[in-house]
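Welcome, and thanks for taking a look at this fold with me. Please open the sequence and the 3D view side by side before reading on.

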Amino acid sequence: MKKRILALLLGATMVVSSLVGCTKADEAATTGETAASSETEDTGKSTASDGDTIKLGVLFSSSGSTSTLEDVCANVVQMVVDETNEAGGINGKQIEIVREDYNSDPTVAVEKMKKLILQDGVVATIGTYASASRNSVKPVVEENDSLLYYPTSYEGETPSDNIVYMGAVSQQQWEYLIPWLKENYGEKMFFVYTDTTGAKLMTEQAADVCEEIGGTVVGEEAVPAGQTDFSTIITKMKQAEPDVIVSGLWADSETAMYKQFENYGMSMKDTPVAGVQADENVFKAAGSVAEGAILCASYENTIENDANTAWKEAYYSKYDDSYEMTALSESTYIGTYYLIEALKKITDGDYSTENILKNMEGITMDAPEGEIEYNAATHHFNMKYKIGIVNAEGKLDVVDTSDLIVQDPASSAE
């Protein structure tokens, strides 16, 4: 399985405009290396805490294909910053947000990241969404010894000492979910995924876990980003007779597949769709046909605890938003909280990457998802994964919860 999908990885190109340009973005970052380094030497990061403010970069798209997802993350950051400023700020200084829109384009993200670091002098940046965007800005962040807080669940490839990964590592999600699926539904699994770099890598990981535990891959299909016609693929699924469908589809495609399932003789209740990328908003958009779908995530918004209730109430009282809270928005909340708490511990004005990371150690939080802890050795958050099944009301019923899992991206490279 790994060889088959790896061949696709080597030969395929990006098919969605928001994810195209990773290579060009890397080239742009490399081209600007000398100038970036020179400008850093001239200006340093003194502007980060000039006067009565501390500057925080926010790099989320407010336009382009992923803007709906990223706008909510930006709102979450703003909410935490506003609460902090209203409570007196950070050691007497107010936090000043400098937000940039990269239009869901990795190439644009590179230029925006350079501006935030070199021109605005931010202490750190929270942002980017897709792996292509994260990878495009990574050289800029590293070359200037800056710090990026990244909220999305990702495939665990090539982690950086200059990035704090707030979301889950997909390899470890699969290592929890796939055995659970085999035990509860059966060993035959059909894999379908959006033809992008991140989705391919995640699917490779899932299929490898399936085979390692004695499961059977009965089919695999890659579809172009944005595809909404699943008639042919669902027919193939039906012929393969899987026990479960493992999906790595992007949101609109996932919703479309749900809605066409029964039209071609498949039943979500008999052959559920499971994955780690769909979320509460996908299920909401799909409506009743999503009943029976399965999600594995660190956070599911039906979790019952005081912290989750308080967080959701605070968000919806500030933003009149129909968007459902998800693992993406919750991880943004956690990362922003930890960054601000680390900054509060710094009283000598040393907002270097090394000092911020050092001061993140020992911080605790009553998180909406429950027990978490910051793993200083890997710059990830250790967390518990939840498995939820969509009920008749379109909400997730959490049916299983893992022990606290040490987030270790090294496991993805094995």
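Which residue takes a positive phi in the hairpin of S11 and S12? That residue is His 379, with phi near 60 degrees, in a hairpin that has 4 residues between the strands.

Please keep in mind that this is a predicted model, where local features need pLDDT of at least 70, side-chain atom pairs count only at pLDDT 80 or more, and totals for chains, interfaces and linings use all residues. Residues are numbered from 1 along each chain as its sequence is written, and side-chain values use heavy atoms, with hydrogens and water left out.

**The chain as a whole**

- The protein chain has 14 helices and 14 strands; helices (H or I, at least four residues) and strands (E, at least two) are DSSP runs, numbered from the N terminus.
- Of its 414 residues, 57% count as buried, where buried means under 20% relative accessible area, exposed over 50%, and partly exposed in between (1.4 Å probe, protein chains only).
- Among contacts (heavy atoms within 4.5 Å) between residues at least 6 apart in sequence, 70% join residues at least 24 apart.

**The seven-stranded sheet**

- An open sheet of 7 strands runs in the order S7-S6-S8-S9-S10-S13-S14, with mixed pairing; two strands pair if DSSP finds at least two bridges between them.
- Strand S7 (216-223) and strand S14 (396-401) stand at the edges with a single partner strand each, so one side of each is left without a neighbour in the sheet.
- From one strand to the next, the twist averages 25 degrees; axes are lines fitted to C-alpha atoms, for helices over the stretch in contact, and angles run from 0 to 180 degrees between N-to-C directions.
- Strand S6 (residues 188-194) and strand S8 (residues 244-248) are joined in the parallel sense over 5 bridges, and Val 192 stands opposite Ser 247 in S8.
- Helix H7 (residues 170-184) packs on the sheet, where it touches S6, S8, strand S9 (273-275), strand S10 (294-297), strand S13 (386-390) and S14. The direction of H7 makes about 150 degrees with that of S10.
- Helix H9 (residues 231-240) also packs on the sheet, touching S6, S7 and S8, and its direction makes about 165 degrees with that of S6.

**Buried spots around the sheet**

- Ile 234 is found in helix H9 and counts as buried at 0% relative accessibility.
- Leaving aside residues up to four places away in sequence, Ile 234 touches Met 257, Gln 260, Phe 261, Tyr 264 and Met 266.
- Ile 234 and Gly 265 are 31 residues apart in sequence, and their C-alpha atoms are 8.6 Å apart in space.
- In helix H10 (residues 251-261), 8 of the 11 residues are buried, so this helix is largely enclosed by the rest of the structure. The buried residues of H10 include Met 257, Gln 260 and Phe 261, and the buried set packs against S6, H9, S8, S9 and helix H11 (280-286).
- Asn 391 lies in the loop between S13 and S14 and counts as buried at 16% relative accessibility.
- The side chain of Asn 391 makes a polar contact of 3.1 Å with the side chain of Asp 397. A polar contact is a pair of N or O atoms within 3.5 Å; within protein, one must be able to donate a hydrogen and the other to accept it, and residues adjacent in sequence count only if both atoms are side-chain atoms.

**Back to the hairpin**

- Strand S11 (residues 372-375) and S12 pair in the antiparallel sense over 4 bridges, with Ile 372 opposite Met 383 in S12.
- Both faces of strand S12 (residues 380-383) are covered: His 380 and Asn 382 on one side, Phe 381 and Met 383 on the other, are all buried.

**A helix pair**

- Helix H5 (residues 106-119) and helix H6 (residues 131-143) pack at an angle of about 35 degrees, with their axes 8 Å apart.
- Residues making this contact include Val 110, Met 113 and Ile 117 of H5 and Val 137, Val 140 and Val 141 of H6.

**Positive phi in loops**

- Most residues other than glycine have a negative phi.
- Asn 91 has a positive phi of about 50 degrees although it is not a glycine, and its place is in the loop between helix H4 (67-86) and strand S2 (94-100).
- Thr 158 has a positive phi near 40 degrees and is found in the loop between strand S4 (148-150) and strand S5 (163-165).
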